[in-house]
Structure formats: C-alpha cells, structure tokens
Amino acid sequence: MPGNKLSKPAEGAKPVGKNLPKRQAPWNDAEISPQNRDVLLQIASLIRLAESFRLGFVKCNQPIQSRLMTARLKELLGDEAIIIIVELTEPVVSLRRAVLQALELDKQDILGKRAILVLGFERTIPSEGPAPALDELNQSRENFPKSFSGPVLIWLPDYALTRLAREAPDFWGWRSGVFEFSPELKIVAAVENMLGNSFSDSLSLSEKIEKASALEGLIRDYQELPREERTDRSLASVLRSLGNTRYYLGEYNEAYRLYQESMKISEELGDKSGVSKSLGQLGILAHAMGDLGEARRLYQESMKISEELGDKSDVSASLHQLGNLAYVTGDLGEARRLYQEGLKIAQDLGDKSGVSRSLHQLGNLAYVTGDLAEARRLYQESMKIAQKIGDRYAPSKSLHQLGMLAHASGNLAEARSLYQESMKISQELGDKSSVFKLLHQLGMIAHASGNLAEARRLYHESLNISQELGEKNGIASTLARLSLLEVDEGYMDKALELIRQAESVFVELGSPEAAQAKTDRQRLEKKIGNP
Amino acid sequence: MMNRDPPATNLKDAYNAVRLDPLQSGDPRWVDCSPARGGTDVMGLLALRIEGSSPTAQLISGHRGCGKSTELLRLVNHLERENFLVVYFAADEDIDMGDLVYTDLLLSIIKRLERTLFDKGIKIDERLSDGIMMWFAEVAYGWKDEAVMEAKLKTEFELGLKAPAPLPLIAKLLARITGQIRTGHEIRKEIRLNLDPQIYQFIERINEFIRAALPEIQKKGYRDLVLIIDNLDRIVLRVLDEKTGRTTHDALYLEHAEQLKALDAHIVYTVPISMFYSLKATQLAGAFPNYEILPMIKVEEQDGSFCQGGIDLLCNVAGKRIDVESLFQTGVVDFLAEKSGGMLRDFIRLLGYTVELDQAEGGKIPITKKVAEKAFRRLINEYGRMVPDEHFDLLAKVAKNKQVRNDTQHQAMLYNLSVLEYMNGDRWCDVHPAVRELAEFKDAWKQIK
C-alpha cells in the first residue's frame, strides 16, 4: 500500500527524557500542603487504632501523587505498622482475589500489624460504560473481613470513587472513612512537564496506556484546582496531549472528543496558538478517517493562525500535512512543493524531527515517480536522523518503505524481512494503523509467492484492524487485494462483489486508486459476461 | 453467654468497640430501639405470626444499615429459645446477587436445610431422600445411575479441598449444583433451563423433604421449622425490559411469589425497601400480606421538633460500647446521634470518625464538639458523592412534604439512603441530615421555599 505518510501529531515540547521515570522524581522533596498533611495524619490514625479489618477509601487523582503519599505514610508510621502496597497493573475481575493473589506472590510472612494499600483499581473502572467488577465488589463485603485481618485502604481517583459509591453501595456502606487528597500544584506542574517531554508515538503500548492514565489524573487535578488562566491553559494542553496518546492507541472517537474539548478551552481563553494546534490535530484525525476535504479545511485554518502568530514550527507542520493530502489525492507536484517548503523551515529552525519527517515524504514521492535509488537514499537519511533523536516511530515507517522498495524490485525475501522488522516496532508501539498496513503488505508477498491460504489469512487480519479503526483507504485497498485473490482461486462472482465494494470506497474518498478499481471491475464484468 | 468487655475508656479501645458488623443475638450491647422505631417491635410481630399460625411466608424490609441483620439474628435467638428449629442464612453467601433467579434461591434453601438437619443429627427416611436426590441428579445433569454419580462426586470432592467431614451424597450433589450456579456461566444457564419447566415437581420434592423431616424434628423436641433468609434484599436492581420497566426485583418477588410461598414451612424473606415505594407496592403487599418494614430510629419528629427519646436510645447504644462520659464532652454524642438521621450504621460510623480524628489531632480527651463537627463534615462529603445532581430538586420536595412518590427516582433515593423512612403510626420520610448540608440541596431548598 503506497503512501505511508508520516503524520505525527506535534507534541509541543522537545524530547528530553523519553520514558516516564518512576523513581527519583524531582518533586520528592516538595512540601506537602497542610491540608494534605492532615489527611495523611488521619489515615495514619486509622491504621494505628484499628485492630481488625477496616475498609477505607482514599481519593487521589494522580498515580504519582499516590506513590508519593504512600511513601510518606510509611515514613510517618515507621515501626508502628507494616504497610503493604498492592499496585494493580491491569483490570481485575475480583478486587479481593486480585489483592490476595498479589499478597500470595509476595509470600511475606508478616507478624504484627499490617495495613494493605491498594492502588490501580481504577484500571478496572472506566469513566463510562459497564464496570462488572463493581457488581462483584458490591456482593463481596462479607468476604473481606475473612480474608484480611487489618485495614484495607483502596486508593482511587475522584471519578472512580464516585462510581464505586453509587454502583457498589453495599460495599461502600461498610466504609470506615473516605480520605481525600487535594491536588498539589507543585506535583501537578512537575508531572505535566515530564509528560510533555515524552513522545507518545515512540512509547510501547503499555507505556502509552500508563501515560494516558497519568494524563487523565492530571486532567482531574486541573478540573479540581481553582480555575484561572494558567491552569486552564495547562488543562487545554494536557487534553490535547491525551488526545494524541489516544490517537496513537487507535481510539479515534476519544481523541476527537479530547481535541474538541481542548479547543473549546483555548477559544475561551483567546489562546490562538492552542486553537491552531487543536485544529491541526483534528485535521490529522479527519485525514485518518478519510474525510480529506475536512482535513484540508482544518489544516488551512490551523496554518492561517500559525502564520498570523509567526509560529514557524507550526506552519511547517501544517505544510507537511497539506503535502500529505496533495500526495494521497495524486497531486504530486503540489505535494513536492509543500514538502520542500516545510523542509526548509524545519532546517532553518534546526527541527530534526521535522527534517526527518519531510525527507521521508520526499522519499515517498521519489518512490511513486519510479526513482527508486533516490527514494532509498532519502528513507535512509530520514531514518538516521530519527534514530539519533531517539524516535522509534519514524524509523518503523522508513523500514516499511524500504520494504516496499525491495518489494517493487521483486526482492520478496528482503521485503518480507524489512516488513517484519518494521512490524516488530509497530506492535511494540501499539501502532495499529501501521500494523494493518504491514499485514496487507505481507499478505501481498504471500500472494505473490503462491501461498494463497496464508495471503487470505493476512488480508483478513489486516481488514479486521482497518475496520476497527475506520481507516477507509486501508479497507478499500485490502478489499481490492482480496478480489484479486478470489480471481486466482477462480471465484469470479466473489471477486466482482469485492472489487465493487473497493471501488465505491475509493470513489467516495476521491482516491486515484478508483480508476484502477474501475478497470479491474470492468474486466471482471466482461469475463463473467454480466454487464 | 457472651462475655463482653466493659465500655471502652481510651481512644484505641473505643475505636475498636465501634464496628459496623451486625450484633450476634444475645450480645449485651443490643439496645431495644423499637420505641423510637414507631413503637412497634417488628421482630416481635414476625415471631408472633410464626408462633401462632400455620406455615406462612413473611417479608421483612428496611434500609441498608438500619439494624436489620442485628434484629433478624435476635429473632433467630428468640425462636430458638421457643424451641423452633431455625435455618438462617445470608443469601449472598450462596447466590450471585447480580444474576439471581428464583430457582437458585430454592436450591440454596434445600441445600441449607439438608445441612442443618445433618448437623442436628436429624435423619429422614433414606429411600425418600435417595429418591429426592436422584430427581435432582437427573433434572440437573441427566444422571440416572446412583453408582455412577457416587463415583463422579467422590473424585470431585477428593480433588477439591472442601468437605473436611464425610458428607452424605445428597449434600455433595446439592453443593455441586449450587456451586456451579454461583460461579459457572454456561452450566448455570443449562441447569436453570432444566429446572424451570419442572418447577412444580421441584417444589414438591422440597416439600416432601420437609414433610419427612418434620416428625423427626419434633421427635428431637422442636416445635416447628423456620427458614430465615437474610441479605436477599441485596439482589441487584436492574431493568430487564425497558418497555414495561420490569426489574430483577419484580421478577423474583412478584412473578415468582407463588413459588416463594409454596414451601411447607415458616419462612422469612428480606426484601429491598425500595420495592415498597415502587408502582408495584400494592401488588407486593397483595402477594405477601404479612410484611414488616423496620424504620429508622426517629431523632426528629415529623414537624421538625427534637425527638429526645430516639437520641437517648442512640446514646444508650454508644454507652454499651464506650464510656461516653469520660471520653466525650457533654452533648457531643447527642450531636452525632442527631446528625446520623437515626441510621444505626451512620451513627456508629460517626463515633468511629470522631475517635479517629481526635487521635490524629493529638488524642485530647474529652473529645470536643469541634472534632465531632469535622466527623460530620466527612460524612457530608461522602453523601455528596452518592447523590446524583438530578435528585436535589426532588430531595427538597421530600424534605418539605415528608413523603415520597412511588417512582423510580424516589426508589433510588431510598436505595442510596439519601431519604430515610420513619414511623409513628404512619410512615413518613425525611432527607438524611448529611444530605441537608450539601450546597446543592440548600440551593434547591431555597427555590422551593
């Protein structure tokens, strides 16, 4: 599938530390507000007093703040009680069984008083939709005192605690206290700074999920803090950042909602730069969903604002996206002009990520115009720059394209190996959009090598993902390939049906592939003798 | 029979003396709160019907945390002293309350009955009990051969770590069926499908079992058999049919009232209080004419004046656990009693909060009203989480009229305890004192005034 575009939502800040540091965060020495210190003392008081099972809830929006507070609690209690922290890293069916299992793994034979702090149960409680674990919890209160002999404190962000109170009332009814931590401005700012410095596209799938939950925590904190311009500006930026993470996780609807929400706040603040950034991201989303007209409108609107503001980096990003649009609609001259203009600005700014991005796209242009040697040179140069700055997403795309080059020159074994190398990275990144394209390519190789069953399996796997994402161009391309497969297997009626579907999607998208699909369809109709 | 420590005189003992678990019967800390529950001894009424009539099914209802389980355990104790054989169990220990159908309940009943008889050394005619067992084996699993079944159950129970003592075959079989219904998703559906069309035979088998057991029970000196099923009111409320509004509660208590009433024994079922405020309330009272609702302890009269009687009773509840005079300044416990709305569990909870907060602030004794106010503030915040925004206008109306309408919104308000029910001659309702302090409620209250 040609046209493997590099369209990464801009992340705002420059990459400094790529991954989320878990320890030795800079705010460890931050002062705790007097209000939160009181809350800590109250939790300590419950643990000191209780001589049997007690159920408590702690409201804390930020996983990072929770970790800090639990550490302080340990210091505060010293030898008086043993604090066991159970952090649930994935959704669970039964909270009680999950905690018991975690304790079992620990295998600590602990004498004396112990209190169990449970973190991460919010991963089981979505902000909307069914949460069956709450029903289970609602009925399991009687089992808790049988399983635990000391206090159990469940730490949750605000929304999850409210859901629990309403949807597990019988469990909630047995609480011995709800302790609420307020957001700490210092922690919030430090976390935001850190999250802003990590590129979503280069994180592994689990890191992306982790980042999304940290961003959600930040958003809740900002919503709780008194509203003022500074916090609102940050909220808009965090919402957009979460939108990007959702985009890379293939959750397009959620990304759309977040971008809209961010833009609304920026508009209220009169923050034009924020509005321009959200418009750009919405454009990328529209582009991915196949609404090219809407994408162009959004890119142009975004670019107009960036030009007014003199924000060259954003202008360069918009030029790049408009170049991508021209490219997919077959207007190659216009695409080249836009990419080169974007490249020049990126070079002037010393924006390596932008340079790598433009070189990649120029490689695509060389590729489709048949200049394969030039294409190879550009891809390799782009990949080199990206690797230097620790980007993994762009190199995965370059590998993909180098695979296409090998593929085009008939070197199937090399192509397969390049696709597989690219696939490995894409899967680690949870980059579904690349995965389905690579499956498509691998299907083509199996098809060309005469392995029809394998080809069919790969096409279908690809189709499953592109349909899940709603990526129409991908759907149509794979349908067209499946049509060819049916021709090879001798099922002309099926083949015709598939190419008709593909053609209608291509036409809807205004894709240059529509012409080829039309030719294929007419040929088939003629063969079957059925006008 | 129970040796209790004297009321606590320090904070640590006090904290551990105020726990939310229901009291076992005979616990000296029990206080008769009936004078402030409208003057009727609800459990006494239930007992009277059991002692004075032929087997009937009765319903008991009341708010979560109003003292229902404590009172039911007291009823058990009373009946046992009157020489009744009582089978008491909490339904949610046997049954998945998120997905319960009436046949699950009936299975759980016969399982518990068999266990109790076994424990008391009451044997029934073996041929009869074998016949009943094979009926269940065939209907549930299609097993016809006792030897085959015996072999299968033997290996299963040896593999599992359950059953420390040798269990009779029928107990193993019933444990297997109820266990699978509780945990196995597919097999649950299958067993239910098999049982449902045979419901009349099913009930007849249980009654055969009861009839065979009764003479043996009486030989042991018991007057009669009583079944008490607690926590059945925790059955999750779900709408099963959007068009008719039919709920899981309707399905159990109304559509299968006949089956629930068909057992040849005295039986007491717990029912969610919200059912008595649904559109189906009359229908429910028609199906089960013998029902009682345990109201809250009155801390205020209907006209808003103070109800000293109720407050004194709650102070008495506190005094059984804590040495109130040495630990609290005068009037502090009265304040907590008033703010609990007469809901026992919230009152005990507030006592615990007060002790814990006082300890956190250095542990000065006697505890001041300022600390108690902080404890109440915490309870207010908790109710703030429980009440959805759309309820506040309606809550203001309840506070004004002291009545609730029979609709789903008001049912939800009773269910989450933002509205409490009281009694003096007539039933009346009021808004929980913690809810009254919420800003949203105050706004709605201003509007209505």
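**Close-up 1. Packing of helices α20 and α22 of chain A in the predicted model.** Helix α20 of chain A, which covers residues 432–448, packs with helix α22 of chain A, residues 472–489, at an angle of about 15°, and the axes of the two helices are 11 Å apart. Because angles under 35 degrees count as roughly parallel, α20(A) is described as roughly parallel to α22(A). The crossing in which α20(A) passes α22(A) is left-handed. On the side of α20(A), the contact is made by A:Phe436, A:Lys437, A:His440, A:Gly443, A:Met444 and A:His447, and on the side of α22(A) by A:Gly474, A:Ser477, A:Thr478, A:Arg481 and A:Leu485. Sorted by class, the residues in this contact of α20(A) with α22(A) are three nonpolar, six polar and two charged.

**Close-up 2. The side of chain B that touches chain A.** In the contact between the two chains, 27 residues of chain B meet 24 residues of chain A. On the side of chain B, the elements that give two or more residues are α1 (11–17), α4 (91–94), α17 (344–360) and α18 (369–386). Helix α17(B) provides the largest share of this side, with seven residues. The class composition of the side of chain B that touches chain A is ten nonpolar, seven polar and ten charged residues.

**Close-up 3. Helix α17 of chain B.** This helix has 17 residues, and the distance from its first C-alpha to its last is 24 Å, close to the 24 Å expected at 1.5 Å a residue. Of the 17 residues of α17(B), 16 are buried, and the helix is thus mostly covered, while α17(B) also gives seven residues to the side of chain B that touches chain A. The helix is followed by B:Gly362, a residue whose phi is positive, near 115°.

**Close-up 4. Helix α3 of chain B and the elements against which its buried residues pack.** Helix α3 of chain B, residues 68–81, has 14 residues that should span 20 Å at 1.5 Å a residue, and this agrees with its end C-alpha atoms, which are 20 Å apart. The buried residues in α3(B) are B:Lys68, B:Thr70, B:Glu71, B:Leu72, B:Leu73, B:Arg74, B:Leu75, B:Val76 and B:Leu79. These buried residues pack against helix α2 (42–52) and against strands β1 (57–62), β2 (85–90), β3 (225–230), β6 (266–271) and β7 (291–294), which belong to chain B. Just after α3(B), a positive phi of about 70° is found at B:Asn83.

Notes: Residues numbered from 1 in each chain as written. Chains lettered and ligands numbered in written order. Predicted model: local features only at pLDDT ≥ 70, side-chain atom pairs only at ≥ 80, totals over all residues. Axes fitted to C-alpha atoms, helices over the stretch in contact; angles between N-to-C directions. Helix = DSSP H or I, 4+ residues; strand = E, 2+ residues; numbered from the N terminus. Parallel < 35°, antiparallel > 145°, perpendicular 65-115°, else oblique. Left-handed = near helix turned anticlockwise from the far one by under 90°. Contact = placed C-beta atoms within 7 Å. Nonpolar A, V, L, I, M, F, W, Y, C, P; charged D, E, K, R; others polar. Expected span 1.5 Å × (residues − 1). Buried ≥ 20, exposed ≤ 12 C-beta atoms within 10 Å, placed from the backbone.
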